[in-house]
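Q: I have a structure to read for class. Please take me through it step by step.

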Amino acid sequence: MAISKSNTSLELYRNRSKFKWVVLVVSIVISLVSIYYTNILVGQLRAREEKLISLYANTLEHFANQESDTDMNFIFEEIIVSNKSIPVIVTDEIGKPLDSRNIPKADRAETKKERDKVLREELEIMEAQHEPLLVTLRSGDGSITGYQFIYYRNSDLLAQLKYYPVVQLLIVGIFGMIAFLIFNYSKAAEQNRVWVGMAKETAHQLGTPISSLMAWVEYLKSDEKMADQEIIVELEKDVERLNMITSRFSNIGSEPLLESTNIFEVVNETITYLKKRLSTKVKFSISCFPGKELEANINISLFEWVIENLCKNAVDAMGGEGEINIKILKANEGHVVIDISDTGKGIPKSMIQKIFQPGYSTKKRGWGLGLTLVKRIIEIYHKGKIYVKQSDINKGTTFRISLKS
Ligand SMILES: Nc1ncnc2c1ncn2[C@@H]1O[C@H](COP(=O)(O)OP(=O)(O)OP(=O)(O)O)[C@@H](O)[C@H]1O
Ligand SMILES: [Mg+2]
């Protein structure tokens, strides 16, 4: 089954935004799975550390209450000395530090006072994290002689692992953003090259037949029998039009020259030209405020192209019958605005963002390039702005162009 062109371009845009959602959803799922898995790991590691500390306390208790037991010394070595990751402080019953392990700051302290200060600070952190473990000290006959407490906190590995998903998300996010920017930049650069290349080539290709046509017109004009015939006048007009098209393409393909120009005159001339080619059911009106003398820096042939494209779209939106109103206004800070309003079918709010994208068209025979070209001419070549100022369904649309005067 044949698919109409407008359907394929619409599909392209729908798929593109669908693709963005798929990427977003997949990234969120990956992030959630990663956070969930890391949480499980953190839980397991915490349980292991708690078990190790409890073993540590039992071992300490055992050895504190035993006469020297050389056979068991290796267990002491294995459990107490091999703990190289969990910070631990052993205190007496009133909380005075007796011994510490894996607290590099305390080991580095030069004076006892300094060391005590570090240990007191550490004790506060440890107390906030875990209940201390109680070690009961007994004399040889089994009677209780005192108590000790074992304070501990999570190992650095556990602490780092807790922050790992955040760091991971941050890195993935930054990477994604950079990739997105590079992708957009390279896409814009590629589009630029295509526009400039195609425009230059078109202007170049048109050049030869137009020069030849011009020579033919001159030749015919020099013939007395032909000179005053209407056909020569019409031919001259067409050659002029072809020349203008070539000039548009060659301007798009290079850095166009901008000149301070009377906007009303250019718009009026374009409208006069268009009127002859459009249905008489389309009424045009132009108004200027404060007067017709407003000027802006423009490239005439490109600016005419903009007005032509906007008016053609307006005529299409009105189904060939309605009013096109053009207002030229002086705006603040050396700006001139041109509002082009029609009484057409309007643009749905959800589509306003898309109409300037290449390939977006709702017309059977549309290429969706008109507004892309218009935006490019206004924003890149004239450093101005173009946007939809207002659009109401079945009432009409107003496009606003803002230029530097
Ligand atoms: N004045 C308007 N009123 C309503 N819809 C509009 C108007 N101007 C543009 N549009 C919408 O924006 C779409 C894109 O316009 P654009 O000029 O870029 O492409 P096109 O007119 O469809 O094709 P072409 O490449 O031939 O210009 C149109 O298909 C139409 O749906
Ligand atoms: Mg168009």
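A: Definitions first. An axis is a line fitted to C-alpha atoms, for helices over the stretch in contact, and angles run from 0 to 180 degrees between N-to-C directions. Helices are DSSP runs of H or I with at least four residues, strands are E runs of at least two, and numbering goes from the N terminus. This is a predicted model: local features need pLDDT of at least 70, side-chain atom pairs count only at pLDDT 80 or more, and totals for chains, interfaces and linings use all residues. Residues are numbered from 1 along each chain as its sequence is written, chains are lettered from A and ligands numbered from 1 in the order written, and side-chain values use heavy atoms, without hydrogens and water.

Q: OK. At what angle do α6 and α8 pack?
A: About 100°, with the axes of helix α6 (residues 230-252) and α8 9 Å apart. Therefore α6 is roughly perpendicular to α8. (Under 35 degrees is roughly parallel, over 145 roughly antiparallel, 65 to 115 roughly perpendicular, and the rest oblique.)

Q: Which residues make that contact?
A: From α6, Arg241, Met244, Ser247, Arg248, Phe249, Asn251 and Ile252; from α8, Ser301, Leu302, Glu304, Trp305 and Glu308. Contact means heavy atoms within 4.5 Å. By class, this contact has 5 nonpolar, 3 polar and 4 charged residues. (Ala, Val, Leu, Ile, Met, Phe, Trp, Tyr, Cys and Pro count as nonpolar, Asp, Glu, Lys and Arg as charged, and the others, Gly among them, as polar.)

Q: And how do α7 and α8 pack?
A: Helix α7 (residues 263-277) and helix α8 (residues 300-317) pack at about 50°, axes 10 Å apart. So α7 and α8 are oblique to each other. Among the residues in contact are Ile263 and Val266 of α7, and Phe303 and Cys311 of α8. The classes here are 10 nonpolar, 1 polar and 3 charged.

Q: What about α8 and α9, how do their axes cross?
A: At roughly 145°, coming within 9 Å; helix α9 covers residues 370-381. The α8 residues Leu302, Phe303, Trp305, Val306, Asn309, Leu310 and Asn313 meet several in α9, including Leu371, Val374 and Tyr381. This contact has 11 nonpolar, 3 polar and no charged residues.

Q: New topic. How many disulfides are there?
A: The search of the whole structure finds 0. A disulfide here is a pair of cysteine sulfur atoms within 2.5 Å.

Q: Which peptide bond is cis?
A: The one joining Phe289 and Pro290, with omega about 0°. Pro290 sits in the loop between β6 (282-289) and β7 (295-298).

Q: What's the phi of Asn102?
A: Positive, about 60°, although Asn102 is not a glycine. Asn102 lies in the loop between β2 (97-101) and α3 (104-108).

Q: Where is Pro97?
A: In strand β2. Leaving out residues up to four places away in sequence, Pro97 touches Ile89, Val90, Thr91, Leu119 and Leu123. C-alpha to C-alpha, Pro97 and Ile300 are 87 Å apart in space, and 203 residues apart in sequence.

Q: Last one. What are the domains?
A: Domain 1 (5-154), domain 2 (160-231) and domain 3 (258-404). The bounds come from an automatic or database assignment. The centres of domain 1 and domain 3, over C-alpha atoms, are 69 Å apart.
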